[in-house]
Amino acid sequence: MNILKGKNVNLALMLFVVTLFEVTCLFTLLGKAEEQYKMNIIITMGVYILVQYAYFFGAKIILKRKSFEVELIAFLLTSIGLSITASVYPKLAVKQLIAVLIGIFGFIFVQWLLRDIDRIMFLRIPIAVCAVGLLAFTLVFAKLTNGAKNWIYIGGLSIQPSELVKVAFIIVGAATLERLQSNRSLTKFIIFALGCVGCLFLMYDFGTALIFFFTFIVISFMRSGDIRTLALVCTGAFMGGLLVLMFKPYVANRFASFGHVWEYFDTSGFQQTRTMIYSTSGGLFGVGLGNGKLRDIYAATEDLVFGVVCEEFGMIMAGAILLSYVALLVYSIRHSKYARSSFYAIVACAAAALMLFQASLNVFGVNDLLPLTGVTLPFISRGGSSIMCCWMLMALIKSVDRSTYRFGGVRQ
Amino acid sequence: MKSISRRALMLYALILLFLAGCGLLYFNLVTNANDWAMNRANKHLYSEGALSTAGDILDSKGNIIVTTEDGKRVYSDNKNLRMALLHTVGDTSGYIANGIQTTFKDELTGYTLLDGVYNLKRYGKGNDIKLTLNSKVCETAYKALGNNKGTVGVMNYKTGEIVCIASTPTYDINNKPKDIDTDTTGKYEGIYINRFFSGVYTPGSTFKVLTAICAVENIPDIYDRTFECKGKTLIGEGYVICSGTHGKIGFEKALNKSCNCAFAKIADELGAEKLMATAEKIGFNANMADISGKIHCAKSRINLTESSSLDIGWAGIGQYTTLINPCHMLTVMGAIANGGTAQTPYLVSQITSPEGKTVFSAKESITGEYFTSDVAKKVDEMLRSNVKNQYGDGFFPKMSFCGKTGTAEVSNDKNIRPNALFVGYSQLEEMPFAIIVVVEDTTTSITSAVPIASKVMKAVKSEYVK
Amino acid sequence: MELEYIMRYVLCILAIAVIINCVWSLVRLKPDKKVYALLVDMANDTQYPINCYETSVGRSRWCDIVFTNSTVSRSHAVVALRKDGFYVFDTESKTGVYVNNEKIVKKQKLEDGDIIAFGTAFMKFYIGSEADRDIKHKKQEKVLCPRLVNIMDDTEFDLDGDYITIGREEGSNIEISAKYVSRRQAEIYKEKNKWYIEDYGRVVKTTVNGEQIYSPTELRDGDVIKIGDFAFLYEE
């Protein structure tokens, strides 16, 4: 049964090209790396490529899947991020790899979790409790790092719980059609969202709070279509934001340079101006992996990673990356009508919209089209929690495609 | 599911917004690419705020003026040459706005949108820029200016090549004076400015050349006229003072003697409209095209609309509010020498990529037909007569030189000395060069500007005439 | 150095080849429409194909299947295809959802051929594609004279005479044993080649298409006659 009209990409060919890309990156990295880190880099990229093959083998041969575009994009983007990490911080490459592997495992796990609609609907309440609990725990036990209280340390490992909560947030927010029809009220979800966003605000993690708020709006709209309530919520949030700015002026100071970073060249506009300078230095095709200079600036592989991609891989590739986020959302929207349940439609659209929104906060933030909020660029930025979250979001997106799961159709 | 999927369609608005943002982002990146990549903070190009990797700058003979060695810009060993070329070549820290190293920074670094700064990685340097300048002549001009503030410019009026630019005061780029930014005596006044391109001066008597052109164009019997000079003459409600008492004097003689009375009367007769028309036709009140596409020149200005007869009289002898830019004035002189056709001056003759490919090669072009060859010829004859009969060919031996001096009063205060100017050119086929000399705060032109012009033109002759 | 220079382009082209290919495929491909089941309106034979996994039914225009019947709530029910088959969910409708004449609580699994009533909108539910449906339909069309079809069990009662009684009374042409049905509940008779119905019910009234009748009413093809929980479809 051919679910899709037209043909899917040729997996073997695309996988070959992706591998070629990764191998090229590997050799470029080796050419630049110091002797002591070469082993690190080989292990990182090598294991990654192997896992990639294992995944596609499993999906194609065992699960007999037909479409792999989403995974191919995820694997390619991850390999770009991994290469940058391995190039800038070869010491941390293996650590990042482990996070990626956990992420891929999470991707498979979440797909399994979402398989049974009754189970996942039943699990929503415990998930919601866990999510708020985790955020509250972070709020209490996290130490202030870089002006935000969003990291918890467990035995040398640092985790950003808000990233994992993103996935939970979307799952909790979505519901099947019969539930949406029988219970139109958004109250419970609003309370849950308020809890999450409130915790993030208290952590001073405004970027993530904004992402949660945005996701909340998307989910609520998909659920109810009730523009009036949402307008009310938005106005309330806007007023609340203004109040925060009024009573905590130092929050506003963070955004003071927005719009004219060149005037704050060496102070609050430092990161943005450097990103722009080096982005353009790379030209359309970049100066080559490892030749960049932006990497010496603070948070280059996290907040400013778009600049690093522009500088070292070129503006064209950076544009292609942005395009792939768009494609994921288009994919979710187009499949939403034919999803196995409105739950999957909402989950996928919200996940893809979240990713796109986060990407725009990051990319437009460092290029001064939006205030700099310090969120990560999905898949590309270094950071374990972030990459895990992205892979799990991919599972949510993937679930919208009814061909992902093989059962449930009508026997013919 | 219809309701859900319809609502999902709203997300296309988000996509549109995102794409619009990306469009704006890429528009910004592409249009500002040169500016941003050339930023001083770019460590690909700069170290400690100074351009560290860039191509060479050569003079017209191929001598290296600036090069890069071990990530440092290295200038010529000759101190005088460094001083002479400071403003033209410019510095790497951006103090001198119109210097080649500032205006041609993307060419020097070899930056392209396609490859970014990769060429620097690849070759260790950017493109080489060859100038039209002749180092020897520039050095001579700088030495001739001595301690005076001022500028000298020489150009080939047949091609437009600028062969000499000197602007003082100047400093040695290898040894920048420590008190340069703190000094209050005024000895470094305008030291970062290239006076040849960016300066504007009151033209003084050199403007009489333009008044003469206007007269030749508009008064058919001008050669038959005589003018009465009694040391001063009444124009409108006041007097125009002359440098001497010339008695009865003809048109050509009036130009030789630089008689203010005669030219004030001519200007009065021509009137504001005709003077303005001639001046604007030859490029006053309009921006000159940037030299070699990048170096900006100041505008020559004249405004006589609402001026009294007396003011017009003064304007006719180059006082009043009229201002000239040296580079523009040189172009005008070139046009007279070249039969009315003004060549576009240029400074960069060739840009060569590190692989040895010629990226850019200057083409001669014409700014405009400033006047008819007939008018040019008549004025040319009078200017020749100036040198032959007034200043003496001794200054310019065997050069068949034409010229006009000017002494511009810059203030009513007697303690402030005037600026001396000289504009001129050689009629010789083998030596098609025009010159402008401006010396600020000096005595008379014949004692300051003309000797400088003489030295420079002799150097030009020895360089270009075999 | 030269190698690196070219590698930059190669790297870029490789990545873009993959991304553009995938993006193009994601943006272009769309799942094809597929009919999983059919709802057939018993009153007028309108077919409502179910081509989504979850299909909402109701009076609101936002529903996937819209009934204008006034007894149907704005969002009445959801028919959903789950792992083990079709279910119908009553989404807090006012008049309830009936499957084979039994009111459902929250949800009920559906089988092929089930009769679902959304208020007084009676639907026959078929699993599978439209082609199967047509075959079944044709069988039914063989009979030429008007008939009443018991919606619950599909038994047909041909109207071949010109006078028919419906009631609890023994000997009625259509005998209904429910207590609330009057001994003589209704009469259907033929006059000038048209069939009329007249109500004599005392406890419950006889309705046609959900509306109570006060005088002899002409029957048209597709009308649903309802007496308490019993419903008949009039077919010509």
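1. Helix 14 of chain A, residues 315–335, has 21 residues and reaches 30 Å from its first C-alpha to its last, close to the 30 Å expected at 1.5 Å a residue (the expected span being 1.5 Å times one less than the number of residues). Helices are DSSP runs of H or I with at least four residues, strands are runs of E with at least two, and both are numbered from the N terminus.

2. This is a predicted model, in which local features need pLDDT of at least 70 and side-chain atom pairs count only at pLDDT 80 or more, while totals for chains, interfaces and linings use all residues. Residues are numbered from 1 along each chain as its sequence is written, and chains are lettered from A and ligands numbered from 1 in the order in which they are written.

3. Of the 21 residues of helix 14 of chain A, 19 are buried, so this helix is largely enclosed by the rest of the structure. Buried means that 20 or more other C-beta atoms, placed from the backbone, lie within 10 Å of the residue's own.

4. The contact takes 50 residues from chain A and 41 residues from chain C (C-beta atoms, placed from the backbone, within 7 Å). On the side of chain A that touches chain C, helix 14 of chain A gives the largest share, 11 residues.

5. Chain A also has an open sheet of 3 strands in the order 1-2-3, with antiparallel pairing (at least two DSSP bridges between paired strands). Strand 1 (143–145) and strand 3 (157–159) of chain A each have a single partner strand, so one side of each is left without a neighbour in the sheet.

6. Strand 1 and strand 2 (residues 148–154) of chain A pair over 2 bridges. A:Trp151 in strand 2 is the bridge partner of A:Lys143.

Conventions
A residue is buried if 20 or more other C-beta atoms lie within 10 Å of its own, exposed if 12 or fewer, and partly exposed in between; C-beta atoms are placed from the backbone. Two residues are in contact if their C-beta atoms, placed from the backbone, lie within 7 Å.
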